[in-house]
Amino acid sequence: MTAFAGGGDTLALEAAAAVRTAAQALERMRAHGSEGRGLSSGAMDLLMRLSLAGDDGLSIGDLAAAAGVSSRNVTGLVDTLEREGLARRGPDPQDRRSVLVRVTPEGRAWIEAFRTPTERAMAAVFHGFTPDELGGLRHLCLRLAANQQRLSEHLNAARETR
């Protein structure tokens, strides 16, 4: 890292490498825990959001905004959830032009089957962490994500002005 940084401070680079390593480890755990259920982390995130929306469902736009991704990305993830029978699209009774996505009973069952192994895996991964450490880690990760979001918005705005 020192050579890459030109002899300068490497702490931010080392922190980024540690975050990447931790994220990859958690993703490997998630993939292992899904045991062939075949859902990406993005599809799982949408399924969880849909399960919390209840019978009302959510629009593609609302899902995209909540997940911080494009509507096109969400459309592909919803396609996957529909193929698996975990979600379905339907008309919005309030707006004929809009489509709502709702979790199916199979989707709710999938979540329930995934819940206990996930809770056990996360307890094992975070074994030895105090509640204060876990809260601090959560806070730091959310700050990191917020900083990245601000930087991304800045870079996109700069790109659009060229």
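The points below go from the basis of the model to its fold, its overall dimensions and its surface.

1. This is a predicted model, in which local features need pLDDT of at least 70 and side-chain atom pairs count only at pLDDT 80 or more, while totals for chains, interfaces and linings use all residues. Residues are numbered from 1 along each chain as its sequence is written, and side-chain values use heavy atoms, with hydrogens and water left out.

2. The protein has six helices and three strands, taken as DSSP runs numbered from the N terminus (helices H or I, at least four residues; strands E, at least two). Read from the N terminus, the order of these elements is α-α-β-α-α-β-β-α-α. The radius of gyration, taken over C-alpha atoms, is 19 Å, well over the 15 Å that the globule rule (2.2 Å times the number of residues to the power 0.38) gives for 162 residues, so the protein is more spread out than a compact globule.

3. Strands β2 (residues 87-92) and β3 (residues 95-103) run antiparallel and are joined by six bridges, where pairing requires that DSSP find at least two bridges between the strands. Together β2 and β3 make a hairpin with two residues between them, and R89 lies opposite V101 in β3.

4. Along its principal axes, the C-alpha trace spans about 60 × 50 × 30 Å. Of the 162 residues, 23% are buried, meaning under 20% relative accessible area with a 1.4 Å probe, protein chains only.

5. Among contacts (heavy atoms within 4.5 Å) between residues at least 6 apart in sequence, 46% join residues at least 24 apart.

Note on methods
Buried means under 20% relative accessible area, exposed over 50%, partly exposed in between (1.4 Å probe, protein chains only).
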